[in-house]
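I opened my notebook today to look at how one protein is put together and what sits around its ligand. Come along and check each entry against the picture.

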Amino acid sequence: MTSLSSSTTLAERQSNPQRPLVTLRGIQKSFGPTHVLKGVNFTVRPGQIHALLGGNGAGKSTMIRVITGEIRANAGDLHLQASHGGDPKVAVVYQELALIPDLTVAENIALVHAPSGFALKRQAQAALIAEEALSLIDPHLARTALFRKAGDLSMHEGQIVEIARALSTGAEVLLLDEPTANLTAAETEQLFAVLKGLAKDKGIGIVFVSHRMKEIRQLCDVCTIIRDGKTAIDARPIGMLTDAAIIQEMGQPAHRAEAQIARNDGQPVVATLTGPTIQHPIQRGTILGLAGAPEGPAHVISSLIGHGRHRDWCMTGDGWGNAPTSPRDAVAQGIGFVSGDRATKGVLAQLPIIDNVLASRRVRERRLFVGQNERSECAGLMQALKVKAGSAWDRPGTLSGGNQQKLLVARWLGLPLKMVVFEEPTRGVDIGTKRDMYALIRQMAEEGTIVVWWSTENVELLELCHEILAFDTEGQPKGFLPADRFDEDALAELTGMAA
Ligand SMILES: Nc1ncnc2c1ncn2[C@@H]1O[C@H](COP(=O)(O)OP(=O)(O)OP(=O)(O)O)[C@@H](O)[C@H]1O
Ligand SMILES: [Mg+2]
């Protein structure tokens, strides 16, 4: 089914610089009984930045894996051709991080340059390649992280290393599956400048998968929308489609146009958030956003759930007791947590979906036996977040990235918690489900739970939160922004980052 064409002459190819680098025609792919791709068409052209869009589970990552050859389609044509003939070099940033934890950053980057491992023997050379690659998007990381083990990087640093690695391969086709889901606005901006340069000056063809509408518009020229396993919109200039049209073509419910200001006026103060330079009253049912460079929010979160080294923040007040000493202790105290690193710290990969969804309930309620009503309980929670799955008994690894993310959030819904701490809970979640998640979180807050919500997406914080604690690029707290002063520019100024 793969046809690597050699039927065109060099003269023909040179006379048509717009000849596609990648062409998919009528591609079909099933996983067991699940028919995912039912005949998709897709074209990647040189110099073009192409958004590949669709709801969670639509088949975007599957298409990318077909293009890279990681999986084989059941039917259809895949056609790859470099602009100067032959096979184009294809580089990919996968949706889940794919660094080798025991190797250093330099080694991880050099690996793709010398798959035989020769570069590993030449540390100095590996370091040079890696430094050059990282300098493209993060000179600071290039200076400080080359000899750290990849396993010790934060999610966010790991993501930058992966992107740098892909960019540095000199590939003619770049496939980026939600590469910005962990990046701050400033980093995203820097990345976009590099990507635009590669497309414009070098004629690289770029495929960009994202659920962040603002970014898609900032970066992409055209978009293809996948729905029900077919191509609903094929390489349409993005300026020709409104947000509403894109959402509709994805088959997602339309949402209200105007965001309302979140309010919890008049609620009693039930806790004090204390940090190195801050003491701040927290009302019942507050949704507190954390914004800015990742270090600051990460310290708050690790203090609040008793994980890692940092203990410099705490909630105090009636009924708050001692700060948790471990995540387990936090759960025992009625504090829930969703890790931003779903692959290694969230999803229980060996257990079926139902166990993943019910994990927190079982711990909290000390259930000894799997309850009769658990099936319907699980079904209800999955339905609330529109989890797309074959069966509750499947392993989470069979779910798309966004659907795995929903499992983690579903775990805490409707529980009588004192506080729940979310690290990027909507990472990779599609536009329609994000709204559902916001509504469910608001409901938890209305029932009295304090919600701490870290997002690298400022527009999300502004839409959802009652107040936002902003950190500067040094990780220092800059102050609280109340809902009636919410504004993208104000937040950008406080965090020292572009909106
Ligand atoms: N190995 C597998 N076994 C069974 N089903 C799978 C497997 N891989 C993917 N699927 C199914 O294929 C469908 C498409 O998944 P895919 O990961 O391509 O979605 P996606 O568009 O990338 O979604 P997201 O936006 O959430 O990342 C999903 O319903 C998923 O459950
Ligand atoms: Mg995906």
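**Around the ligand**

I began with Ser61: an N or O atom in its side chain lies 2.8 Å from an oxygen atom of ligand 1. A polar contact here is a pair of N or O atoms within 3.5 Å; within protein, one must be able to donate a hydrogen and the other to accept it, and residues adjacent in sequence count only if both atoms are side-chain atoms. For the side chain of Lys60, I found 2.7 Å from an N or O atom to an oxygen atom of ligand 1. For the side chain of Thr62, that distance is 2.5 Å. I then listed the 19 residues around ligand 1 (a heavy atom within 4 Å). Lys60, Thr62, Thr398, Ser400 and Gly402 come nearest.

**How I read the model**

I noted that this is a predicted model, where local features need pLDDT of at least 70, side-chain atom pairs count only at pLDDT 80 or more, and totals for chains, interfaces and linings use all residues. Residues are numbered from 1 along each chain as written, chains are lettered from A and ligands numbered from 1 in the order written, and side-chain values use heavy atoms, without hydrogens and water.

**Between the domains**

I saw the chain divided into domain 1 (10-99 + 153-249) and domain 2 (269-495), with bounds from an automatic or database domain assignment.

Next I looked up salt bridges (a side-chain nitrogen of Lys or Arg within 4 Å of a carboxyl oxygen of Asp or Glu). I counted 2 between domain 1 and domain 2. I also noted a salt bridge between the side chains of Glu457 and Arg212, at 3.5 Å from N to O.
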